[in-house]
Amino acid sequence: MDTTIKIDSKARDQLAALAQARGTTMRALIEEFAASALTPRRLQERAERTRAFLDAEFGHRLGEEETAALRARMREAHAAHRSTLRNAGVDEAA
């Protein structure tokens, strides 16, 4: 079954340009995104696998405080990266 998704023209044009640059269709691009995007459940599963790996390989167990601190550092790094792109005049969607 097909579904119609309504988005503004700017987003549509960005998706079309991205699809063209990748040599694919907007439909395939959106399907790829949907298949690869991490849902909260998938994020939790990934976190659990990471904790198990660190414990098994290095004998290190991440506590809640350490996990929260790492998460905060990642958010800060991501925000800094986005700010750098904006300051350089780079369109993140490009």
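Arg27 and Glu31 stand four residues apart in helix H2, so about one helical turn separates them. Helices here are DSSP runs of H or I with at least four residues, numbered from the N terminus. The two side chains meet in a salt bridge, at 3.3 Å from N to O. That term means a side-chain nitrogen of Lys or Arg within 4 Å of a carboxyl oxygen of Asp or Glu. Side chains of opposite charge can pair when their charged atoms come close.

The model is predicted: local features need pLDDT of at least 70, side-chain atom pairs count only at pLDDT 80 or more, and totals for chains, interfaces and linings use all residues. Residues are numbered from 1 along each chain as its sequence is written, and side-chain values use heavy atoms, leaving out hydrogens and water.

How open is this pair? Arg27 counts as exposed, at 51% relative accessibility. Glu31 is partly exposed, at 46%. Buried means under 20% relative accessible area, exposed over 50%, and partly exposed in between, with a 1.4 Å probe and protein chains only.

The structure holds six salt bridges. Asp55 forms one with Arg61, with the closest N and O atoms 3.2 Å apart. Asp55 is partly exposed at 28%, while Arg61 is exposed at 64%. Shared partners join Asp2, Arg27 and Glu31 into one network. Arg12 bridges to Asp13, with 2.9 Å between the closest N and O atoms.

Now to the pockets. A pocket is found on a 1 Å grid over the protein atoms alone: an open set of points where a 1.4 Å probe fits, with protein on both sides within 12 Å along at least five of seven lines; lining residues have an atom within 4 Å of a point. The second largest pocket holds about 300 Å³. Its lining includes Asp2, Arg12, Arg27 and Glu31. H1 and helix H2 (26–36) each give two or more residues to this lining. H2 gives the most, with four.

The largest pocket has a volume of about 410 Å³. Its lining counts 14 residues, and Leu43, Ala47, Arg51, Thr67 and Arg71 lie nearest its centre. Helix H3 (40–58) and helix H4 (64–87) each supply at least two residues. H3 gives the most, with eight.

Ile7 sits in the segment before helix H1 (9–22). Ile7 is partly exposed, at 43% relative accessibility. Ile7 also belongs to the lining of the second largest pocket.

Definitions and conventions: Grid points are joined across faces, edges and corners, and a volume is the space filled by probe spheres set on the points.
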